[in-house]
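Please read the following numbered points beside the sequence and the model.

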Amino acid sequence: MFNPHKLARLSPSRLSSLNGQCIRRLQSTVPSSGEAEPPPAGGHLPSIATSAFLRPTRDSALRLPGLRWIDNEIPGSISSSKEGAGDIAGRETRKMNMYQAVRDAMSIALMKDDTAVIFGEDVAFGGVFRCTMGLAEEFGRERVFNTPLTEQGIAGFGIGLASMGQTAIAEIQFADYIFPAFDQIVNEAAKHRFRSGGQFGVGSLTIRCPTMSVGHGGLYHSQSPEGFFMGAAGLKVVIPRSPIQAKGLLLASIRDPNPVIFMEPKILYRSSVEQVPIDDYELPLGKAETLIKGSDLTVLTWGTPIYHCESAIHMLSSPPSSLAHHIPASLRSAKIELIDLRTILPWDVETITESVKRTGRLVIVHEASRTAGVGAEISAEIQKRCFLKLNAPVRRVTGWDTPVPMQYEKFYIPDSLRILDAIVDTLQY
Amino acid sequence: MFRIFRTNLQVQTLRRGVATSSIQTNPQLPSHSYGHLPTSQSPITSTLHFFNSVMPDGKQIPTYRVLNGDGQVLDGAELPEIDEALARKMYEQMVQLPIIDNLLYNVQRQGKISFYMTAHGEEATLIGSAAALNNSDEVLGQYREMGVLLWRGFGYDSVMAQCFGNYEDTSSKGKQMPVHFGSRKYHFHPISSPLATQIPQAAGVGYAIKRDPLRRGKNCAVVYFGEGAASEGDFHAGMLLASTVPSPTLFIARNNGFAISTPASEQYHGDGIAARGPGYGIDTVRVDGNDVLAVLSAVREARRRCLEQGRAVLVEAMTYRVGHHSTSDDSFAYRPRQEVEDRKRIDNPIARYKKFLESRGWWNESEEEELKDRIKKEVMKAFRRGENLRRPELKEMFSDVYGGEEPWNLKEQREELKALLKKYGGDWEPWKKELKKFKGEGKEFIE
Ligand SMILES: Cc1ncc(C[n+]2csc(CCOP(=O)(O)OP(=O)(O)O)c2C)c(N)n1
Ligand SMILES: [Mg+2]
């Protein structure tokens, strides 16, 4: 177990040098003007500040399941929550929101890998979401640079760099604007290894983009296009839910031997805050994480809706008085399992199948439209694998099959009530 | 070797002119009716010469200007045909833009609308070009072209309706973000946030006009875009199609120096956007975008050529984005405040034009106050009205996805939402609150 006194026993000079380090890194993440980013996105999610999934203390942050330290001194050393306090002694954390955690991951990538470069529209001044703040100043314009305004160019350029074995970290300013790059990503990046008989490959390419809704983005600032990439064998698609997750998953994505589309839910950039380990660490790709253990129904989601699902599960057991009459007393003690899929492609079929075989019920939640969304693929596979164990059809809570309509977004994007209703319905089926 | 080769060529093609049928014993470059190359009339040269400019001697493309900074006509410049009434209308239209922009910018800051983009500094480019067009020319804008719509009579109420997304918003029934205007009536195609997508579309619009006997030779397609958007593949696609197919399409590049934080110097290495026109074989002009009379002249002539040739013409208007990119941006994070202040002071397009009008006796200070007062009052009136109107009916969320018969999935999903609203609409506070914002409060769903 973690022993708080152990830290105190560190020599004061070691402590101050650690602090010095983190202060220096922190300073370059502080916006110079305070508001070079979109407005606080129409209010932060009501549930996020209080979410039990965010790790507000050093101890909880360092005990993250699946966390793998990447220490140059001790190559391959693995630490997990099961191991003793020795593994986290001397590990520091710092309070970061998600854009700072993304920046921290990229700063480590640049520091440790001389071939790594970061590029995209407006990244040199820090990016419109502030994820590259100070990196150009710290690492130079040769390594962190603006591109002209061309997404197909950015993706193609990244493929070229990666095909030469160098590390390319590209930013597409919004997931909504990834479509000009669709050909480069789907026809080129995804197929590069395959079409060269394994001689070439662009595994060192990572394409980051902000995704999902903020409440008032409408057609072109609220989309969740992950589903469009689901059929692109050869690609990986990753969506983190929080600062700690973003850092670990991004570092894993950058180093994964496959091209990765890394989609960052933009409402979480500022609204999700955690103590984030300052050392280099990775979280596994292709692995879902069970956030709440349960036995009666599985809720599967990723990104922003995680927090709506958390509220919905909470409301099921203790509904607000205005909703109480909608929630039969017999259901309130139902044990709901909540899983964060984290990697959309290739998805963790084992964890989901195991869970649904136990619970017999599955509700999938995503912001994208229903038809041919990621939920469709997962439903088909799970219904095949769990057919005899299912007590209810797989249920999908999604955006409607329309483009995202700005003024109507609150009735378009699944919220905690729609999720709650689907849970109740599925439990009663 | 090379000498002999060249001599052969000269003998064969220059002296004898056309290809002969005489049997050659040595291999020869084929000659051709196009000249010396199979598919080109490119003259043959013996000088190894690289070039990197569309102007002779590597000079930059010049910028056409009519009025100097003091609003006086430059030596040798020709005034466009303009009478007092048109001149005054242009001025009034320019003056109204910052008034609306300041109001809506501040209103966004107060959280009353979700987003806004100003056109500070680009008033002359917008109004000068709008005035040069026929009001029924089809316009495809980027997002900063509200001035063109207002010129055509769109009106403040329509602007407010769109920005507030209320039930009078005919642009998109509240579905798009603010400044995403669109109007069939005013021949203004709906704005789309993905950059440059409108550019090849404009080539198609131009072709449709050409095929329409009632509009052929009378109208053209007009596409506006920023110098940043011109880096997208779609820009090249559009230029290529409208020059090659061809189609009467007028390309107006607003080169305002920035694409969000990225300065134009990082957007291209060549001589701006204008240098690309000759690459597509089209007539091209660069104009001082802060000189409304120069813009008027240049766009009039560009339009005339566009109609006459039935082919693309390119205008690059040089201006400066005085405002922040949008309400989501603080431009002092990437450019010095002083630079902006200097620009504003040195060259305000409205002030420059006003001096011209005054020198003609077409405008005076007392009219200035009257005008600004009147516009402010009208804008405020429209603002108050727009602010207080509700959103469209909630059911509109599902409208306009398809024409013709609505597919089953949409029908079912509408029913799904209806059932949810019936069940929880009165009990769930966030929905109750939200429903009040819609015309009819969602009753069409609940009852
Ligand atoms: C395809 C696409 N990529 C990125 C963006 C994000 N974006 C919106 S405006 C803008 C800058 C455009 O600059 P410019 O074309 O010069 O027009 P200006 O804003 O200067 O009028 C960017 C990058 C977008 N809307 N669409
Ligand atoms: Mg620009």
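1. In this predicted model, 51% of the 447 residues in chain B are buried, where buried means under 20% relative accessible area with a 1.4 Å probe, counting protein chains only. Residues are numbered from 1 along each chain as its sequence is written, and chains are lettered from A in the order in which they are written. Local features need pLDDT of at least 70, side-chain atom pairs count only at pLDDT 80 or more, and totals for chains use all residues, while hydrogens and water are left out of side-chain values, which use heavy atoms.

2. Chain B contains 14 helices and 8 strands; these are DSSP runs, of at least four residues for helices (H or I) and at least two for strands (E). Its C-alpha atoms fill a box of roughly 95 × 65 × 50 Å along the principal axes.

3. An open sheet in chain B is formed by 6 strands, ordered S2-S1-S3-S4-S8-S7, with parallel pairing. Its edge strands, S2 (188-189) and S7 (283-288), each pair on one side only. Two strands count as paired if DSSP finds at least two bridges between them.

4. Which residue in S2(B) is the bridge partner of B:Leu140? That partner is B:His189. Strand S1 (residues 138-140) of chain B pairs with S2(B) in the parallel sense over 2 bridges.

5. Among contacts (heavy atoms within 4.5 Å) in chain B between residues at least 6 apart in sequence, 73% join residues at least 24 apart.

Terms used: Buried < 20%, exposed > 50% of the residue type's maximum accessible area, 1.4 Å probe, protein only.
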